[in-house]
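Here is a short briefing to read alongside the model. Have the sequence and the 3D view open, and follow the residue names as you go.

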Amino acid sequence: MTSETVNVRYMVEDVEAAVAWYTGHLGFTVISKYIPAFADVGRGSLRLLLSGPTSSAGRPMSDGERPAPGGWNRIHLIVDDLAAEVARLRAAGVRFRNEIVTGPGGSQVLLVDPSGNLVELFQPDGRH
Amino acid sequence: MAACIRYIVNDVSAAIDFYTKHLGFKLEMHPAPPFAEISRGDMHIYLTQPSQRGGGGAPMPSGELQSPGGWNRVHLTVDDLDATIAELKSAGCRFRNEAIQGVGGKQILLEDPSGNLIELFQPNTPAYRAPGSGTKANGH
């Protein structure tokens, strides 16, 4: 079965910084860049749309509220060895929102991108 | 290949109903009240209620609880945005804004029962050139 693209849009403060972070730390590759408004990056079937304040998606709502980064909803990236990933990312200076937590299906941790958006790394049970 | 997103919701059952009834998602599993996995093609969403029990809905070390909302969202491509909006409005769905014409296409923000956003997006036809756009339109 061929893979289809799964699109997720993240609001970011600085598109260039976000591109550098996602490609530098998490293995995303650049699909397109329209600095400073917008870029998209991909990893497997995930396409992450990085929208800055000057993008179409950054336009204020009719009540004046402006879209902004943050919140708890997040992309969820599966890794084989969470402890090794955490060590690698900490050494690279990446910020974490919590410590590794273990749940019914596996272990997970939350990274913080340069705009304050979360990224979840998840190691399913049964790996390592 | 699947790609996964976690959405924090107040009520997993209500979220399952919403996503399966209105947006064509399929229930993959609902093994416990605070968690379910739904899918639409290769998009898998983990619907997670904030929980003291650990796992994806666990509080932060500071005690801060997770909650729904924010502006980050899944982005679903539709063939006919106006028709989709009309259908969802007649079904009683809430929207956060009106449809806007962006560089790469038209988009609107739908709200789930917990207030999370879902973007519905209709790409421009290849012939469309938005004012100020480059040679390639790609979902700005």
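Contact here means heavy atoms within 4.5 Å. With that in mind, please remember that this is a predicted model. The contact between the chains takes 47 residues from chain A and 45 residues from chain B, and the area buried between chain A and chain B is about 3,700 Å².

**Arg74(A) and its surroundings**

- Not counting residues up to four places away in sequence, Arg74(A) touches Tyr10(A), Gln108(A), Leu110(A), Leu118(A), Val119(A) and Glu120(A) in chain A, and Ile5(B), Arg6(B), Ile8(B), Gly56(B) and Gln66(B) in chain B.
- Is Arg74(A) buried or exposed? Arg74(A) is buried because its relative accessible area is 1%, and the cut-off for buried is under 20%.
- The side chain of Arg74(A) reaches the backbone oxygen of Gly56(B) at 2.9 Å.
- The side chain of Arg74(A) also makes a polar contact with the side chain of Gln66(B), at 2.5 Å.
- Within chain A, the side chains of Arg74(A) and Glu120(A) meet in a salt bridge, 2.8 Å from N to O.
- Glu120(A) lies in strand β9 (residues 118-124) of chain A and Arg74(A) in strand β5 of chain A, so this pair ties together parts that are 46 residues apart in sequence.
- Glu120(A) is buried too, with a relative accessible area of 0%.

**The interface as a whole**

- Carbon and sulfur atoms give 50% of the area buried between chain A and chain B.
- Which three residues supply more of the area that chain A buries against chain B than any other three? They are Arg9(A), Trp72(A) and Asn73(A), which supply 21% of that area.
- Across the interface there are 22 residue pairs in polar contact, counting pairs with both residues at pLDDT 80 or more.
- Several strands of chain A each supply at least two residues of the side that touches chain B, among them β2 (29-34), β3 (38-43) and β4 (46-51).
- The largest share of that side, 6 residues, comes from β1(A).
- The residues of the side of chain A that touches chain B divide into 19 nonpolar, 16 polar and 12 charged.

**Strand pairing between the chains**

- β1(A) is joined by 3 bridges to strand β5 (residues 73-77) of chain B, and the two strands run antiparallel.
- Arg9(A) stands opposite Arg73(B) in β5(B).
- Arg9(A), Arg73(B) and Glu119(B) are linked in a network of salt bridges.

**Salt bridges**

- Side chains of opposite charge can pair when their charged atoms come close.
- The structure holds 14 salt bridges over all chains, and 5 salt bridges are found across the interface of chain A and chain B.
- Glu65(A) forms a salt bridge with Arg96(B), the closest N and O atoms being 2.6 Å apart.
- Glu65(A) lies in the loop between β4 and β5 of chain A and Arg96(B) in the loop between β6 (94-95) and β7 (100-101) of chain B, so the pair joins two chains.
- Glu65(A) is partly exposed, with a relative accessible area of 39%, whereas Arg96(B) counts as buried at 18%.
- The side chains of Arg90(A) and Glu99(A) meet in a salt bridge at 3.7 Å, N to O, and Arg90(A) counts as partly exposed at 42% relative accessibility.

**A cis peptide bond**

- Ile35(A) and Pro36(A) are joined by a cis peptide bond, with omega about 10 degrees.
- Pro36(A) has its place in the loop between β2 and β3 of chain A.

How values were computed: Residues numbered from 1 in each chain as written. Chains lettered and ligands numbered in written order. Predicted model: local features only at pLDDT ≥ 70, side-chain atom pairs only at ≥ 80, totals over all residues. Heavy atoms only, no water. Buried area = accessible area lost by both parts, 1.4 Å probe. Salt bridge = Lys/Arg side-chain N within 4 Å of Asp/Glu carboxyl O. Polar contact = N/O pair within 3.5 Å; in protein donor to acceptor, adjacent residues only side chain to side chain. Helix = DSSP H or I, 4+ residues; strand = E, 2+ residues; numbered from the N terminus. Nonpolar A, V, L, I, M, F, W, Y, C, P; charged D, E, K, R; others polar. Pairing = 2+ DSSP bridges. Buried < 20%, exposed > 50% of the residue type's maximum accessible area, 1.4 Å probe, protein only.
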